[in-house]
Each structure stands twice: as structure tokens, then as C-alpha cells.
Amino acid sequence: MPPPSRSPASFHIAISGSEGRGKLFLYELHVDSEHRKQGMASSLLELVERSSTSRGRRAPAVELNVHSSNEQAVGFYEHVGFVETGKLSKGAVLVMHRKR
């Protein structure tokens, strides 16, 4: 029997607060290396934002933390409109957000 198939990409989010005042926090957005540079991460990010709206909890911004040493991820998030809004762990982690 072949091993179970695994999705090449995944995300984990949390939505909190009330309409217009809440927060959508992106805990993880992952695309396997062999599937990168194909628009999959951008599509997942769009799905994340749409899924929060469909649940009636549209947050005014998306927030995430990313390791500052993960230059590829930082570059991607900047490319799709995220800006750095803070640092944690003595600069090892960047706090980024994108207004919706």
C-alpha cells in the first residue's frame, strides 16, 4: 500500500475579537521547498483572509511572527504587503502585519 499523500502546503490561524476590531494571527504558513515559487503561498494567504471573512469575523489586519534569520519568508511577506511592526527575543523574531 502506498504511503498516505501529504499536502504540499499548510497554514494555521487564530481569529479573535469582534467585527472590525479583532485580529487574525497567522501562526504558520508552510509550502514544501519543491512547490515554492508557484504562487501557492500567496493563494494560501488569500484563503486565510477569505476564511476569516466567511466566519463573520473580518479582522482589520493580519499579524504574524517570523524569525528574522528566515530571509526567504521575510522577503515573501514583504513582497505581499506585510510591514515590520516590532521585534521580539532581542530581534530574533520580527512582528509583521498587513492591513486588509
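These entries record what I looked up in a predicted model.

**Core.** I began with the largest nonpolar core, which has 20 residues. Those with the most contacts inside this core are L26, L29, L64, V66, Y77, F82 and M96. I then noted which elements contribute: β2 (23-31), α1 (40-54), β3 (61-67), α2 (71-79) and β5 (93-99) each supply at least two of the core residues.

**R98.** Leaving aside neighbours within four places in sequence, I listed the contacts of R98 as L45, E49, A61, V62, V80, G81 and F82. Of these contacts, F82 is also among the core residues named above.

I recorded a volume of about 610 Å³ for the largest pocket. Its lining has 25 residues, and those closest to the pocket centre are R36, A41, Q72, A73 and F76. β2, α1, β3 and α2 each supply at least two residues of this lining. By class, I noted 11 nonpolar, 11 polar and 3 charged lining residues.

**S7.** Last, I checked S7, in the segment before β1 (9-16). S7 has a relative accessible area of 46% and is therefore partly exposed.

Terms used
Residues are numbered from 1 along each chain as its sequence is written. This is a predicted model: local features need pLDDT of at least 70, side-chain atom pairs count only at pLDDT 80 or more; totals for chains, interfaces and linings use all residues. Side-chain values use heavy atoms; hydrogens and water are left out. A nonpolar core is a set of buried Ala, Val, Leu, Ile, Met, Phe, Trp, Tyr and Cys residues joined through side-chain atoms within 4.5 Å. Buried means under 20% relative accessible area, exposed over 50%, partly exposed in between (1.4 Å probe, protein chains only). Helices (H or I, at least four residues) and strands (E, at least two) are DSSP runs, numbered from the N terminus. Contact means heavy atoms within 4.5 Å. On a 1 Å grid over the protein atoms alone, a cavity is a set of points where a 1.4 Å probe fits but cannot get out, and a pocket is an open set with protein on both sides within 12 Å along at least five of seven lines; lining residues have an atom within 4 Å of a point. Grid points are joined across faces, edges and corners, and a volume is the space filled by probe spheres set on the points. Ala, Val, Leu, Ile, Met, Phe, Trp, Tyr, Cys and Pro count as nonpolar, Asp, Glu, Lys and Arg as charged, and the others, Gly among them, as polar.
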